[in-house]
Amino acid sequence: MLPTAESACFVIADISGYTNFVSGVELDHAQDIIADIMDTLVKALRPPFRLAKFEGDAAFVYALADKVDGSLLQDSIEQAYFAFRKRLRNIKQANSCECQACSRMQNLDVKFVVHHGEFIRQKMAGREELAGRDVILVHRLLKNDVNKSLGGHAYALYSDACVRAMGIDPRAQGLIEHSEPIEHIGETKCWVSDLEEAWNRESGTARNVVRRADAFAVMERDFAAPRPAVWEHVTLPAHHSRWQRSDGLIEKAVKGRRGAGTQNHCLHGKDAVIEDILDWRPFDYVTQTALLPIPGAPKFLMTYAFEERDDGGTHFEFRVAKPKPKDLPFYEQVWPTVEKNFNAGFEILRTMLEEQQAALAAADEPALPVSRARFATQPVHER
């Protein structure tokens, strides 16, 4: 049988400065660092992505999709970059080695190339490989001239085909138009996101989170799924409506991208719960207010918090902030109903996550690289 073409979003996470880094340094130390970085990047990207293969200083991942949720894709790319930056910072703090490799690893950076198109699967040397014009294109886009206009910053380069699959207005979201001539393919329109700018924005924005100690009530669950998966199922409108058992969710996102400032109308029969997102920190937490369709109801302030467990699963908490004294009777009156509804919803959520994880487990993926040391728990290369 001929292979069947499938649609997917392709991402290549490429370590910038790799050649200079490995030149003239202790190779075993350098490869240990690269393995740890690759592990960090891939874990941050999956799900929704699955690993196709490692390519030296790059990881090639993909997600089957005819259409792409633009907010989730951009959040995934940015969070992978943030995880990389935080990992380098943690390594530096935990590492007392003064070898060249450990001294120069802070010069490393990451760029992402993102494309949407078709591929076929083929077996090569006993492994499944992705093939096709779009697979070639995303790799060709790695060799680009973005740094000439961006000044050497970390970036994500989205093909115009990917932007169309996301259904977003790239200019409204601050993406920069770019074009790359690709041999045998032609001029390829792209859009650039400055990840250094995103990192500075993330680091400089004040946080708004309901702490556990300040909560009126906390509901918590452990899920055998990674944080990005739980985040996706809690925050994406289609998934959210399923486990919340609502008739749908109308989303009004700022400039078309989900985040702080987004307003949701959760439809429950004739009534709508109005949610306003105040703080959006993929994949750590989202803080929002909720106004129930009850005359005189105060707004509930709440946080969904996502914490990674040691086994790769997720500890999830739904925290409701303490009300003003005058609103306490209302909270006490409606909370039993809210608690009952969320308990039922969490079981639906658990089933949804189990189904997704089972599908991912069936995928043919290469093993993640193994670093001989874990920098977060002990100094590395200590002499």
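## Elements and overall picture

Helices here are DSSP runs of H or I with at least four residues, strands are E runs of at least two, and both are numbered from the N terminus. On that basis, Lys255 sits in the loop between strand 10 (248–252) and strand 11 (263–268).

The model is predicted. Its average pLDDT is 86, and 87% of the residues score at least 70. Residues 376–383 fall below 50. That stretch still makes 21 contacts in the model beyond near neighbours in sequence.

The protein holds 11 helices and 15 strands. Of its 383 residues, 54% count as buried. Take the contacts between residues at least 6 apart in sequence: 67% of them join residues at least 24 apart. The accessible surface comes to about 18,100 Å². Carbon and sulfur atoms account for 50% of that surface.

The largest nonpolar core has 46 residues. Leu73, Ile77, Tyr81, Phe112 and Tyr158 have the most contacts inside it.

Leaving aside residues up to four places away, Phe112 touches Val11, Ile12 and Ala13, among others. Its contacts also include Leu41, Leu45, Ile77, Ala80 and Tyr81. Tyr155, Ala156, Leu157 and Leu195 touch Phe112 too.

## Cysteines

How many disulfides does the count come to? The count is 0. The cysteine sulfur closest to that of Cys162 is in Cys9, at 4.3 Å. A disulfide needs sulfur atoms within 2.5 Å, so this distance is too far for a bond. Cys162 counts as buried because its relative accessibility is 0%. Cys190 is also buried, at 0%.

Strand 12 (residues 271–281) pairs with strand 13 (residues 285–291) in the antiparallel sense, over 7 bridges. Asp279 has Thr287, in strand 13, as its bridge partner. A hairpin of 3 residues joins strand 12 to strand 13.

Phe283 is found in the loop between these strands. The peptide bond leading from Pro282 to Phe283 is cis, with omega near -5 degrees.

## A covered helix

Is helix 10 (residues 237–244) mostly covered or mostly uncovered? Mostly covered: 6 of its 8 residues are buried. They are Pro237, His239, His240, Ser241, Trp243 and Gln244. Just after helix 10 comes Arg245, with a positive phi of about 55 degrees.

## Positive phi in two loops

His184 is found in the loop between strand 7 (176–182) and strand 8 (186–194). Its phi is near 70 degrees, a positive value in a residue other than glycine. His184 counts as exposed because its relative accessible area is 72%, and the cut-off is over 50%.

Lys255, in the loop between strand 10 and strand 11, also has a positive phi, near 55 degrees. Lys255 is exposed, at 58% relative accessibility.

How values were computed: Residues are numbered from 1 along each chain as its sequence is written. This is a predicted model: local features need pLDDT of at least 70, side-chain atom pairs count only at pLDDT 80 or more; totals for chains, interfaces and linings use all residues. Side-chain values use heavy atoms; hydrogens and water are left out. A nonpolar core is a set of buried Ala, Val, Leu, Ile, Met, Phe, Trp, Tyr and Cys residues joined through side-chain atoms within 4.5 Å. Buried means under 20% relative accessible area, exposed over 50%, partly exposed in between (1.4 Å probe, protein chains only). Contact means heavy atoms within 4.5 Å. pLDDT is the predictor's confidence in each residue, from 0 to 100. Two strands pair if DSSP finds at least two bridges between them. Accessible areas come from the Shrake-Rupley method with a 1.4 Å probe; for residues, only the protein chains shown count as cover.
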